[in-house]
Amino acid sequence: MTWSDILRNGWDAIRTHKLRSMLTSLGILMGIAAVVLTVGLGQGAQQQVSKQLASLGGNLLIVSPGSSSTGGVRGGFGSASTLTMADATALTSKTSAPDVNGVAPILQSSNQSLVNGATNWTTTIVGTTSSWLSVRGRTLESGRFLTDADQSSAAAVTVLASDTATELFGPLNPVGQTVTVNSVPYEVVGVLTSAGSDSTTNLDDQAIVPFSTASQRIVGGTNRTSVQTIYIKAASPGRLSAAYQEANTILQYRHSITASSTSDFSITTQQSVISTTSSVDNTLTNLLIGIAALSLIVGGIGVMNIMLVSVKERTREIGLRKALGGTPMLIRRQFLSEASMLGLSGGLLGVALGVGGAEVLPHFISNPIAISVPWILIAIGVAIAIGVGFGVYPAARAARLSPIDALRSE
Amino acid sequence: MANVSAVDRTTLDVSDEVMISLQSVDKWFGQFHVLKGINLTVYKGERIVICGPSGSGKSTLMHILGCLDVPTSGEYLLAGEDVGAMDEIDLAEVRNRRIGFVFQQFNLLPSLSAQRNVELPLSYAGVSRERRRRRAREALERVGLGDRVEHRPGELSGGQQQRVAVARALVTDPALLLADEPTGNLDSTASDDVLRLFDELHQQGRTVVLITHEAEIAEHAARVIRIRDGAIASDESGPVS
């Protein structure tokens, strides 16, 4: 008896009791649907995070002055400007920081009023260098970005984010126009492409000026080389931790810090920011995993139950098969194949329900659901394995029956 | 009693080859001594009837002859092979290759067509699907059901169902046909049909062992073995036709 004969026998038996087989598969169906949805939710959230990361300029490290972990008495580091333009320059060194691809120092001032004739708009002015564009992963819609020449001459030029440009100039092209900040006219040299918003700020509402311009003309103050934040772009996502180590070493050396607990700066990644926001999804995921596990166990017990009934019902058939030459091994395989097919049909229907759910659910909940083919195959494999696993005992009982007892039974 | 098996074989058209040899076979079910020192020799090509009232032990004898059960003690040689020494897997193979069973209850699988019921023993013998199909059709034609191959048991009369069962017993071309009350559930016409079929198969050289409690069937047999209380009461040649 070949495997194809055995599978055919199994399929015949399933088909003979269509309704019963359907009801039996129901538990497995639910479990597999829940698995597909759980994995889909997880992957959907992951895709969303990586999309966000990409939109923020992936591979990003953020150096801030002060350290949240050493608050207490020494708190208030954020206000004390411990980072300088020289720190930023040191981080661009190719020899001591080979995994750093770009560095953008930031000096920003919020609530600045930009004026275009009769129109005004209050926004954040960001002072930075020419590398900002690539470090933040942004692109230009029109015009040009800041240059090194702008930086060295502290030129009165600005690049507007898309929303800011629209607020000030409406549908007109702002490039070549002038906006006034604190009575100083700035030439608009470029407009950024829209990037949406991250969890806290609207990335499309800001005005970018050369760092030197910001520190001399807008922020002012005593120390004109101090920096609020330094964005560091790693060469690749895989080099992020290497870049972190290099930046940390350079800054500790420059600030004469020997123990990390006395650090006067901190380095964070965008990932750590986003993982806290997406962790909310875990409650839903855990719930679904619980449903899936319970449902699969109950489904498996259902398979076992119906297989035991089936063995009992078909005692005569088993006896006959033995009389005609069926060995215990072949009888066992026959019932195992039936059980695995119950699992398989539950699995297939469950995948169908799960994929259907992945289509429908996003209309009602905010979480995206991503369907992954490898996981669907794994889920079907699990369904078959459950059928086989819970079929072992009934199949062993069938195989153990003695042929005469089986033939005698009514 | 030891002499009753000494049938004058010269009057029968049988060979010298021994098909079945039972030597002082005993069977106990717990405290019950069901078969008591059975000695029996059946030659290849014989047609015998084992006859006895219910409870006489004839069914147990049939189970042992059919390798469905093993004796508690004593020796059973089937075509020279010692059945007592066999494990479950060997027994399954012997049942598959050497013995064709026909049961009172037909024991056809209701969800399968006549064709696939007949194919069943071949599938256990590992015959390819193509050859299986051909041989099953041949066997069904042999029992006169060539036009019913796709019918399910429920769509056939009792007599037809029993003929499907005979086809299933024949299909592996076994040396020994064992029939346990094959006409017990049939009306007289269908009974005659089935019995005639066994006669034909016997004439083609098969060894046929028929178990019955119906005296009428026993009357026409060449050799009748009567069982009473777990022992052979008589073993005699009947009227040779």
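**Entry 1: two helices of chain A**

I began with the crossing of α12(A) and α13(A), which is right-handed, a crossing being left-handed if the near helix is turned anticlockwise from the far one by less than a right angle, and right-handed if clockwise. What I have open is a predicted model, in which local features need pLDDT of at least 70 and side-chain atom pairs count only at pLDDT 80 or more, while totals for chains, interfaces and linings use all residues. Residues are numbered from 1 along each chain as its sequence is written, with chains lettered from A and ligands numbered from 1 in the order in which they are written.

Helix α12 (residues 328–360) and helix α13 (residues 373–400) of chain A pack at an angle of about 150°, with their axes 7 Å apart; axes are lines fitted to C-alpha atoms, for helices over the stretch in contact, and angles run from 0 to 180 degrees between N-to-C directions. I sorted the residues of this contact into 23 nonpolar, seven polar and one charged, where Ala, Val, Leu, Ile, Met, Phe, Trp, Tyr, Cys and Pro count as nonpolar, Asp, Glu, Lys and Arg as charged, and the others, Gly among them, as polar. Helices (H or I, at least four residues) and strands (E, at least two) are DSSP runs, numbered from the N terminus.

**Entry 2: confidence in chain A**

I looked up pLDDT, the predictor's confidence in each residue, from 0 to 100, and found a mean of 84 for chain A, with 87% of its residues at 70 or more. Over residues 67–79 of chain A the pLDDT is below 50, and beyond near neighbours in sequence this stretch has 16 contacts in the model. Where pLDDT is low, the predicted coordinates should not be read in detail.

**Entry 3: where the chains meet**

I find 19 residues of chain B in contact with 17 residues of chain A, two residues being in contact if their C-beta atoms, placed from the backbone, lie within 7 Å. On the chain B side, α2 (88–98) and α3 (114–124) each supply at least two residues, and the largest share, six residues, comes from α2(B). By class, that side has nine nonpolar, six polar and four charged residues.

**Entry 4: B:Leu145 and the cores**

B:Leu145 lies in the loop between α4 (129–142) and α5 (158–170) of chain B. Is B:Leu145 buried or exposed? I count it as buried because 22 other C-beta atoms lie within 10 Å, the cut-offs being 20 or more for buried, 12 or fewer for exposed, and partly exposed in between. B:Leu145 is 19 residues from B:Val164 in sequence, yet the two are 7.6 Å apart in space, C-alpha to C-alpha. Leaving aside neighbours within four places in sequence, the contacts of B:Leu145 include B:Ala114, B:Val164 and B:Ala167.

B:Ala167 and B:Val209 have the most contacts inside the largest nonpolar core, which has 118 residues; such a core is a set of buried Ala, Val, Leu, Ile, Met, Phe, Trp, Tyr and Cys residues joined through C-beta atoms within 7 Å. Helix α2 (residues 18–55) of chain A gives the most to this core, with twelve residues.
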